[in-house]
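Welcome to this short tour. Open your viewer, switch to the cartoon view, and follow along one stop at a time.

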Amino acid sequence: MLADKARIEVRAGAGGDGSVSFRREAHVPKGGPDGGDGGRGGDVVLRCEGNLRDLQALKRKGHFRATRGGHGLGALKHGADGDSLVIGVPPGTQVARWDGARFDMVTPGQEITLAKGGAGGRGNKRFAGPTRQAPRLAEKGLPGEEGEAELQLKLLADVGLVGLPNAGKSSLIARLTKARPKVASYPFTTLEPNLGVIEADERQLVVADIPGLIEGASEGLGLGHDFLAHVERCRVLVHVLDLAPVDGSDPGENYALIEDELEAHSPALAALPRVLAWSKADLVPPDPSVETFGAAEVVVTSAATGAGLDDLRRLLLRFVPDRIEAPPGESGVAEFAVFKPAAGRAFAVERLGDGEFRVAGPAVERLIARFDLENEEAQAHVERRLGRMGVIAALEREGFAPGDDVEIGGIVFELDPS
Ligand SMILES: Nc1nc2c(ncn2[C@@H]2O[C@H](COP(=O)(O)OP(=O)(O)OP(=O)(O)O)[C@@H](O)[C@H]2O)c(=O)[nH]1
Ligand SMILES: [Mg+2]
């Protein structure tokens with residue numbers, strides 16, 4: 001079964017902690033700080049791989065973690081960066097990340113960073129200055145980004161064959177290309193999309209044959225619904241219509257039924273150019289005046305005799321003028337992610353009760369995550385930084401007094417700025 005959807009959980013590596021260390025040398029009683037920095041955590045990266053066909057491997061695995069950065073050491077040894085974890089996805093994969101960002105994986109080799117590794121912490125050497133020659137504090141590494149991403153594969157075909165079950169779609173793709181799908185005299189023979197390639201002087205046209213559609217397909221009836229997404233990116237749809245339906249149904253009604261389902265699935269899909277391919281011409285007496293139902297192009301074909309197939313092939317090559325490099329843009333899907341600029345220094349102060357406050361905001365939370373507040377020197381550093389960021393002034397406006405409890409990023413501590 002073609003796996004065309006997967007949900008994965010990813011976690012980038014945390015940054016390594018900075019080190020608190022002092023030089024020790026024989027005959028040097030008090031060496032200077034020499035704690036190295038922690039390494040960056042590894043990223044989780046998606047890479048578009050031309051040789052992959054579906055999302056099966058991701059469906060099975062589900063969880064992906066990149067390695068963390070190494071901790072810094074004395075003698076100014078920096079921790080090693082974590083290794084990035086690269087996840088291969090087939091061309092045509094659309095990705096929706098936990099934060100709403102969307103990515104379109106189109107070209108083999110294309111890479112996106114799904115989850116960024118955490119920054120490493122700075123070692124104590126970096127905190128040394130004229131007024132602080134022996135800093136006993138270092139930063140902790142930050143956690144890597146993590147969350148869930150939904151992946152959906154939408155085949156990148158140029159031409160999509162649509163029609164009722166048993167209309168002869170698979171028989172057509174078998175004659176037009178080297179694809180060898182199952183063909184049988186009952187509806188719902190095709191259970192998952194088949195791809196075939198029409199080769200013509202240095203050009204290739206990818207054709208998709210999807211399971212037959214029935215009334216209500218756009219609402220999930222039958223098999224076709226899930227697969228309509230696969231033809232959304234085609235340049236042209238071939239509506240395959242049986243000239244001689246065995247159930248005696250009316251071709252005009254059959255045509256309208258499929259067109260209504262395409263429209264109900266998505267107006268963009270319905271707006272694609274349409275070729276009407278009448279099928280099974282060998283079963284009816286020749287009639288030069290076939291119905292067109294308003295389709296731009298009409299061909300009468302027979303997969304049994306091969307009639308009309310050269311015309312159809314020529315027509316399709318005309319609709320898809322050049323080798324496809326990237327699918328036409330789709331509204332709502334960014335070709336490349338637009339990363340939001342860092343959320344900045346904004347924070348919000350909330351009074352929880354008597355002598356209890358909470359401060360929330362990305363920059364303050366990062367600051368708290370960076371330091372061990374049990375360490376007095378680190379705590380003094382954090383207090384100075386909070387002062388410079390305007391957090392203490394904002395707390396005071398809410399009635400804060402030195403010594404009150406403050407919660408930031410889930411950590412409660414007594415804030416006693418001097
Ligand atoms: N005589 C004749 N029979 C055909 C022709 N094309 C298809 N058929 C027959 O029609 C039946 C259905 O053909 P398929 O190609 O499996 O139809 P489909 O549209 O792929 O059907 P689903 O996969 O169920 O949606 C089979 O029995 C085919 O042999 C044709 O040109 N002439
Ligand atoms: Mg079929």
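Before we select anything, one term: two strands pair if DSSP finds at least two bridges between them. Keep in mind, too, that this is a predicted model.

**The whole protein**

Start zoomed out. The protein has nine helices and 18 strands. Its C-alpha trace spans about 105 × 55 × 35 Å along the principal axes. A compact globule of 418 residues would have a radius of gyration near 22 Å, but this protein has 31 Å. Of its 418 residues, 46% count as buried.

**A six-stranded sheet**

Next, select β9 to β14. These six strands make an open sheet in the order β10-β11-β9-β12-β13-β14, with mixed pairing. Look for the edge strands, β10 (194–200) and β14 (297–300), each of which pairs on one side only. Neighbouring strands of this sheet are turned by 25 degrees against each other on average, ignoring direction.

Now zoom in on β13 (residues 274–279) and β14. In which sense do β13 and β14 pair, parallel or antiparallel? They pair in the parallel sense, over four bridges.

Which residues of α4 are buried? They are Pro251, Asn254, Tyr255, Ile258, Glu259, Glu261, Leu262 and His265. Turn the view to look down the axis of α4: the buried residues fall within an arc of 155 degrees, so they line one face of the helix. On the other side of α4, colour Glu253, Asp260 and Ala264, which are exposed.

For the last stop, select β16 (residues 356–360), β17 (residues 405–408) and β18 (residues 411–414). Strands β16 and β17 pair in the parallel sense over four bridges, and Glu356 stands opposite Asp405 in β17. By contrast, β17 and β18 pair in the antiparallel sense, also over four bridges. Here Ile408 stands opposite Ile411 in β18.

Finally, click on the turn. The hairpin of β17 and β18 has two residues between the strands, and Gly409 takes a positive phi near 55 degrees there.

Methods: Residues numbered from 1 in each chain as written. Chains lettered and ligands numbered in written order. Predicted model: local features only at pLDDT ≥ 70, side-chain atom pairs only at ≥ 80, totals over all residues. Heavy atoms only, no water. Axes fitted to C-alpha atoms, helices over the stretch in contact; angles between N-to-C directions. Buried < 20%, exposed > 50% of the residue type's maximum accessible area, 1.4 Å probe, protein only. Arc of directions from axis to C-beta. Rg over C-alpha atoms; globule rule 2.2 N^0.38 Å.
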